[in-house]
Amino acid sequence: MNKKSIKIWLFSSFIYITFFCLIFGGFIYKQSENMFYEKTAQLIAAGVNINFDIEQDLVSSLKKKNEIDINKGKEILEKYGYIEDSKVIFNIHNEFNKVLRGSVILIAVLFFYFGGTLLVSNIIKRKRIDD
């Protein structure tokens, strides 16, 4: 296999792997948005179930940033073992693990596919030359 075809193969492999990484990155981003939205909806519903008058306050707190409320909320979460650096906060770690494993497997499969293609084409060319 000549240098030009190797460069084309490497470039196309890089493009394909980058393309699939971007797709999975977008998928992971969308999944995290969905999980955040669901957890927010769940918290608001839990608050409203306890006190119907709090609904407007809860929804309006989503629209403005209040450091005092943020710090108080962090203290409450820490009280129950939910720390900011925790990988298991809100039980989303397992979902990301599944997506990450799938991404790594896909990239490995693509790499071996392109490597195998290069190897097989090289073997076929050598066989033709030998014949």
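These questions and answers walk through a predicted model of one protein chain.

In this predicted model, local features need pLDDT of at least 70 and side-chain atom pairs count only at pLDDT 80 or more, while totals for chains, interfaces and linings use all residues. Residues are numbered from 1 along each chain as its sequence is written, and side-chain values use heavy atoms, leaving out hydrogens and water.

Student: In what order do the elements of the chain run from the N terminus on?
Tutor: Helices (H or I, at least four residues) and strands (E, at least two) are DSSP runs, numbered from the N terminus. The chain has four helices and zero strands. The order is therefore α-α-α-α.

Student: How far does helix H1 reach from its first C-alpha to its last?
Tutor: H1 covers residues 3-50, which is 48 residues. The expected span of a helix is 1.5 Å times one less than its number of residues. For H1 the expected value is 70 Å, and the helix comes close to it, reaching 70 Å.

Student: What percentage of the chain's residues is buried?
Tutor: Buried means under 20% relative accessible area, exposed over 50%, and partly exposed in between (1.4 Å probe, protein chains only). H1 has buried residues, including Trp9, Ile17 and Val48. Of the 131 residues in the chain, the buried share is 12%.

Student: Is Val48 buried or exposed?
Tutor: Val48 sits in helix H1. Contact means heavy atoms within 4.5 Å. Leaving aside neighbours within four places in sequence, Val48 touches Ile54, Glu55 and Leu58. At 13% relative accessibility, Val48 counts as buried.

Student: What distance separates the C-alpha atoms of Val48 and Leu58?
Tutor: Leu58 is one of the contacts of Val48. The two residues are ten apart along the chain. Their C-alpha atoms are separated by 8.5 Å.

Student: Which side chain does Lys30 meet in a salt bridge?
Tutor: A salt bridge is a side-chain nitrogen of Lys or Arg within 4 Å of a carboxyl oxygen of Asp or Glu. Lys30 is partly exposed, at 44% relative accessibility. The N to O distance is 3.8 Å, and the partner is Glu33.

Student: Which residue forms a salt bridge with Glu67?
Tutor: The whole structure holds two salt bridges. Glu67 is partly exposed, with a relative accessible area of 45%. The closest N and O atoms are 3.6 Å apart, and the partner is Lys65.

Student: In which helix is Leu77, a member of a nonpolar surface patch, found?
Tutor: Patches are made of residues with over 30% relative accessible area and no salt bridge: like charges are joined within 9 Å, nonpolar side chains (Val, Leu, Ile, Met, Phe, Trp, Tyr) within 5 Å. Ile76, Leu77, Tyr80 and Tyr82 make a nonpolar patch of about 400 Å². Leu77 is partly exposed, with a relative accessible area of 30%. Its helix, residues 67-79, is H3.

Note on methods
Areas by Shrake-Rupley, 256 points an atom, 1.4 Å probe, with all protein chains shown as cover.
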